[in-house]
Amino acid sequence: MGSNNKENISEVSGNFTNSEDGFDTWTFDASLADLTVEGDFDLDTNLDGVGGPEASDGYTFTALNTSAYGSLSYNTTTGKFTFTIDKAAVIASGSDQVISFTVTGYSGNKSDPDKVQINIAICVQRGTLIKTAHGEVAVEELEPGDQVLTLDSGYQPIRWIGSRKLGRSDLDHAPALRPIRIGKGALGPDSPVRDLIVSPQHRVLLSGWKAELYFGAPEILVPAKSLVNDIDIRVARDIDDVEYFHVLFDRHEIMMTNGAPTESFFPGDYVLDELNTAVLDELTAIFPDLLANPAGFGYSARPSVRPSEAVVLRSRLLH
């Protein structure tokens with residue numbers, strides 16, 4: 001590796017991915033749950049990609065390929081660097097971002113330039129923005145009592161919020177749980193305003209002539225998985241781990257997520273069966289009669305379309 005067989009620097013964490021255009025490339029994957037990405041370059045005297053002592057004459061760092069999504073700080077003596085993610089800017093961009101820069105190590109008349117690439121994934125749904133009385137707030141920052149804008153009831157307080165994490169092994173063993181990516185504008189003009197990541201069963205609100213013609217209702221709720229068209233709504237196979245959030249109100253509501261109307265948590269029988277004991281205990285403490293009579297929570301906010309019926313809504317949906 002490297003541009004000089006007798007001199008080589010390596011990033012000590014070993015995130016090596018490829019060598020091309022005269023550069024060794026070291027790749028870091030980050031999500032919106034991360035605040036910083038850190039690395040450290042050393043002189044690789046054994047050419048084994050592990051690193052060792054410092055380059056005797058230090059290191060230089062180039063500017064970022066873009067400064068729009070964070071800032072870089074570094075130490076030219078130790079080769080250590082920190083990239084601080086601008087979470088709000090990445091969310092506002094509506095898409096994944098790739099940040100890169102070059103670091104060069106020097107020893108006498110020898111030098112070795114390497115490249116660092118940082119992949120920031122907005123597709124991790126922790127970045128989903130919910131419209132509240134205080135503006136748009138990332139779902140992971142919401143708390144019980146926060147006032148969220150709903151389509152039918154105005155601002156309503158959150159009664160409970162929970163989440164479920166699924167790692168790579170979970171998704172590999174149960175691919176039906178892979179998230180759905182709803183592209184910007186896929187549900188209508190500016191709906192959503194940026195890509196929206198939801199669970200396959202999460203229902204989105206649709207309206208238009210197809211809803212009226214096929215289902216006799218001006219607005220319907222449709223599971224996201226039923227709308228996959230491989231055009232602007234796809235299975236997010238590039239995501240290795242997800243965290244699905246559940247926001248519960250006193251009744252089933254429609255809330256704005258990344259600018260698109262989607263449902264709040266609806267504790268029907270089939271949903272309660274999937275929750276673990278600790279979560280069920282917590283929900284029962286808030287809604288004492290829920291387990292005894294899940295139907296007592298109330299009706300769905302809109303008529304719901306079964307997946308088998310939703311095939312007529314695919315392609316470019318209702319607009």
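In the predicted model, F81 touches F28, V37, E38, G39, D40, F41, F61, L72, S73, Y74, F101 and V116, with residues up to four places away in sequence not counted; a contact requires heavy atoms within 4.5 Å. Residues are numbered from 1 along each chain as its sequence is written, and side-chain values use heavy atoms, without hydrogens and water. Because the model is predicted, local features need pLDDT of at least 70 and side-chain atom pairs count only at pLDDT 80 or more, whereas totals for chains, interfaces and linings use all residues.

F81 is also among the members of the largest nonpolar core that touch the most other members, together with F41, F83, F101 and I118; this core holds 23 residues. Two or more residues each come from strand 3 (23-31), strand 4 (36-43), strand 5 (59-61), strand 7 (80-85), helix 1 (87-93), strand 8 (97-107) and strand 9 (110-121). A second, separate core has 20 residues, including I180, L206, A211 and A310. A nonpolar core is a set of buried Ala, Val, Leu, Ile, Met, Phe, Trp, Tyr and Cys residues joined through side-chain atoms within 4.5 Å. Buried denotes under 20% relative accessible area, exposed over 50%, and partly exposed in between (1.4 Å probe, protein chains only).

Helices (H or I, at least four residues) and strands (E, at least two) are DSSP runs numbered from the N terminus; the protein chain has five helices and 22 strands. Strands are taken as paired if DSSP finds at least two bridges between them. Strand 17 (residues 203-207) runs antiparallel to strand 18, joined by five bridges, and V204 has V222 of strand 18 as its bridge partner. Four of the five residues of strand 18 (residues 219-223) are buried. Strand 20 (residues 242-248) is likewise mostly covered, with five of its seven residues buried. Seven bridges link strand 20 to strand 14 (residues 160-166) in the antiparallel sense, and R164 stands opposite Y244 of strand 20.

On the surface, W209, L213, Y214, V311 and V312 form a nonpolar patch with about 510 Å² of accessible area together. Patches comprise residues with over 30% relative accessible area and no salt bridge, with like charges joined within 9 Å and nonpolar side chains (Val, Leu, Ile, Met, Phe, Trp, Tyr) within 5 Å; a salt bridge places a side-chain nitrogen of Lys or Arg within 4 Å of a carboxyl oxygen of Asp or Glu. Accessible areas come from the Shrake-Rupley method with a 1.4 Å probe, and for residues only the protein chains shown count as cover. W209 lies in helix 3 (residues 209-215) and is exposed, at a relative accessible area of 51%.
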